[in-house]
Amino acid sequence: MGSGASQEVTPKLKECSAEDLEKLFKELPAEEVDKVLKSAQAAKGGGDSGESSAPYLRKAFSYLAEVFGKCIEAEAKAEEEPDFDEEKMKETYKGYIKQSFEHHDKKKAGKLDKEDAAVFFKNFMQESQIWVDALMNMRTKSEIDKLKKEMEAAIMEELKDEYPNAKEHLPGGMKAAQAEMNKFVLLVKARAKGGAEAFAANKDALTCTAFSDIDEDGSGSLSLDEFQELMEPGSEKFESLLKMMGIDLEKVMDDAEYEKCADEARCACALHMKEKLGIKD
């Protein structure tokens, strides 16, 4: 694929299968990636904007994304603890989960029956993309921040004497690196789309299995306690629900693919700097 490839890929974002999209994204030139990402965002209606059939579930996932973002910022600044009250964070998140439970309890029975739960699982599948996007963005931002520090150190230690203007070319190098890391973003989106397709194809069986696994007392309904336990981030039940919904984070956030994109990002940045400074191998 060459220049203008994004015009070929963009119309296929909705119609193309996840597997075919993944192949297309791997062949897409780095300079075209940003255009496709913007088209994908527009196709979604602007990310989190617009109406949601599960507003409190969306708030819960959005809040988690915000908290994890603060954790990444703290890590980047070499701070031991992020600047937020952990107990308050847990209570805020738990409040959104309780509101989501009440929102899905359409019969106001203080429990979710199988019909209520089926609606919740469908909404979970849709809104959990916020969670996946947050994890993905945290990884790519962390890698770019690390690369920037490495390049700044290299400029100061190795290039400043012979190439005093080296630092002014760093933004262009980081832009080239970001374009390579954005390939990973697109691959994650393709794999998340694959999870959504798998869920849609086996929705009844998956929701039945998920309900049975969560309904530990066999009452045929989910209590608020069971619901809150299920929605605890990082818990075995939460991870299990993600997998049942077709969201396997280990597969979606493939480490080998990530490392490949990170290496290519470093190469792209270094190549840009060499070209601008006239450095020859």
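**Figure 1. The largest nonpolar core of the predicted model has 58 residues.** A nonpolar core is here a set of buried Ala, Val, Leu, Ile, Met, Phe, Trp, Tyr and Cys residues joined through side-chain atoms within 4.5 Å; buried means under 20% relative accessible area, exposed over 50%, and partly exposed in between, with a 1.4 Å probe and protein chains only. The residues with the most contacts inside this core are Phe-61, Phe-120, Phe-121, Phe-124, Met-231, Leu-241 and Met-245. Helix α8 (residues 129-159) supplies the largest share of the core, 11 residues. Helices (H or I, at least four residues) and strands (E, at least two) are DSSP runs, numbered from the N terminus. Neighbours within four places in sequence aside, Phe-121 is in contact (heavy atoms within 4.5 Å) with Phe-199, Thr-207, Ala-210, Phe-211, Ile-214, Leu-241 and Met-245. This is a predicted model, in which local features need pLDDT of at least 70 and side-chain atom pairs count only at pLDDT 80 or more, while totals for chains, interfaces and linings use all residues. Residues are numbered from 1 along each chain as its sequence is written, and side-chain values use heavy atoms, with hydrogens and water left out.

**Figure 2. Eight aromatic pairs are found in the whole structure, one of them formed by Phe-124 and Phe-238.** Rings of Phe, Tyr and Trp (its six-membered ring) pair if their centres lie within 6.5 Å; planes under 30 degrees apart count as stacked, over 60 as edge-to-face and the rest as tilted. The ring centres of Phe-124 and Phe-238 are 6.1 Å apart and the planes stand at 75°, so this pair is edge-to-face. Phe-124 lies in helix α7 (residues 114-127) and Phe-238 in helix α12 (residues 236-244), so that the pair links distant parts of the chain, 114 residues apart. Phe-124 is buried at a relative accessible area of 0%, and Phe-238 is likewise buried at 0%. One aromatic cluster is formed by Phe-61, Phe-101, Phe-120, Phe-121, Phe-124, Phe-227 and Phe-238.

**Figure 3. Phe-184 and Tyr-258 form an edge-to-face pair.** The ring centres lie 5.1 Å apart, with the planes at 75°. The pair links distant parts of the chain, with Phe-184 in helix α9 (residues 170-201) and Tyr-258 in helix α14 (residues 255-277), 74 residues apart. Both Phe-184 and Tyr-258 are buried, the latter with a relative accessible area of 5%. Not counting residues up to four places away in sequence, Tyr-258 touches Arg-139, Thr-140, Glu-143, Met-181 and Phe-184. A separation of 9.4 Å is found between the C-alpha atoms of Tyr-258 and Val-185, which are 73 residues apart along the chain.

**Figure 4. Helix α6 (residues 86-104) has buried residues on one side and exposed residues on the other.** The buried residues of α6 are Met-89, Tyr-93, Ile-97, Ser-100, Phe-101 and His-104. These residues cover an arc of only 115° around the axis (taken from the directions from the helix axis to the C-beta atoms), which puts them on the same side of α6. On the other side, Glu-87, Lys-88 and Glu-91 are exposed.

**Figure 5. Lys-108 has a positive phi in the loop between α6 and α7.** The phi value is near 55°, in a residue other than glycine. At 63% relative accessibility, Lys-108 counts as exposed.
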